[in-house]
Each structure stands twice: as C-alpha cells, then as structure tokens.
Amino acid sequence: MSKIAQDIILKPVITEESMAEIPEKKYTFKVAKDATKIDIAKAVEELFEVKVSKVNTMNVKGHKRTYGRFTGYKPDWKKAIVTLTEDSKPIEFFDGMY
C-alpha cells in the first residue's frame with residue numbers, strides 16, 4: 001500500500017533550533033510514524049520540487065501533561081530532518097521565517 005506525499009509529511013516543525021538550521025538547507029518535519037527515509041525523501045521532492053541529499057529520522061516520546069488531577073502523556077511522534085543538495089533551491093514555505 002503506497003501513501004501519497006501529503007500522508008507522509010504531516011507538518012513542519014517550527015522551533016528556534018529548527019529555524020537556525022535553514023541556512024544550512026536542513027528542514028524539519030513531523031512525519032508519519034511508519035514512513036521510511038526513502039518515503040520521506042520522495043515526498044519532500046514531490047511536494048516542494050527540490051533535491052534531497054540526506055534524511056535523518058528520530059522517534060520523539062510524548063511529553064507528560066497534567067490536566068487538573070489527571071496526568072497523561074501526549075502521543076509519540078516521528079521527526080525527520082531533511083538536508084537538501086547544494087544546488088537545490090530552498091523550500092519557499094520557510095522563506096522569511098528565520
């Protein structure tokens with residue numbers, strides 16, 4: 001069962017640390033938990049029309065949250081840091097954010 005690119009790349013991760021890596025052509029995304037590095041690279045290339053050189057992935061544990069007297073955890077998720085090739089154009093979505 002093949003997924004479409006919109007099912008693999010869920011949303012960008014916009015933090016101070018991820019914004020600092022944009023000049024190095026490194027972009028951070030929240031991705032589907034079952035997505036592989038190859039799936040992520042193809043999805044980014046298809047969605048943003050860029051060339052991907054490397055993909056690093058990590059599983060992020062959900063943080064503990066307290067609501068009144070109840071405690072629980074946010075859901076676990078997967079993060080991908082995508083590095084573009086030197087000759088690739090930057091992703092336009094992130095222009096002007098850093």
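I looked up the charges first: the mean positions of the 18 positive and 15 negative charges of the chain lie 10 Å apart. Lys and Arg count as positive, Asp and Glu as negative, with His and the chain ends not counted. I took NZ of Lys, CZ of Arg, CG of Asp or CD of Glu as the place of a charge.

The model is predicted: local features need pLDDT of at least 70, side-chain atom pairs count only at pLDDT 80 or more, and totals for chains, interfaces and linings use all residues. Residues are numbered from 1 along each chain as its sequence is written, and side-chain values use heavy atoms, without hydrogens and water.

Next, the fold. I noted 3 helices and 6 strands, in the order α-β-α-β-α-β-β-β-β along the sequence; these are DSSP runs (helices H or I, at least four residues; strands E, at least two) numbered from the N terminus. The C-alpha atoms fill a box of roughly 55 × 35 × 20 Å along the principal axes.

Then the surface. The chain exposes about 6,900 Å², 51% of it from carbon and sulfur atoms (Shrake-Rupley, 1.4 Å probe; for residues, only the protein chains shown count as cover). Of the 98 residues, 35% count as buried (under 20% relative accessible area; exposed is over 50%, partly exposed in between).

Last, I checked Met97, which lies in the segment after β6 (77–84). Met97 counts as partly exposed because its relative accessibility is 39%.

Key
Buried means under 20% relative accessible area, exposed over 50%, partly exposed in between (1.4 Å probe, protein chains only).
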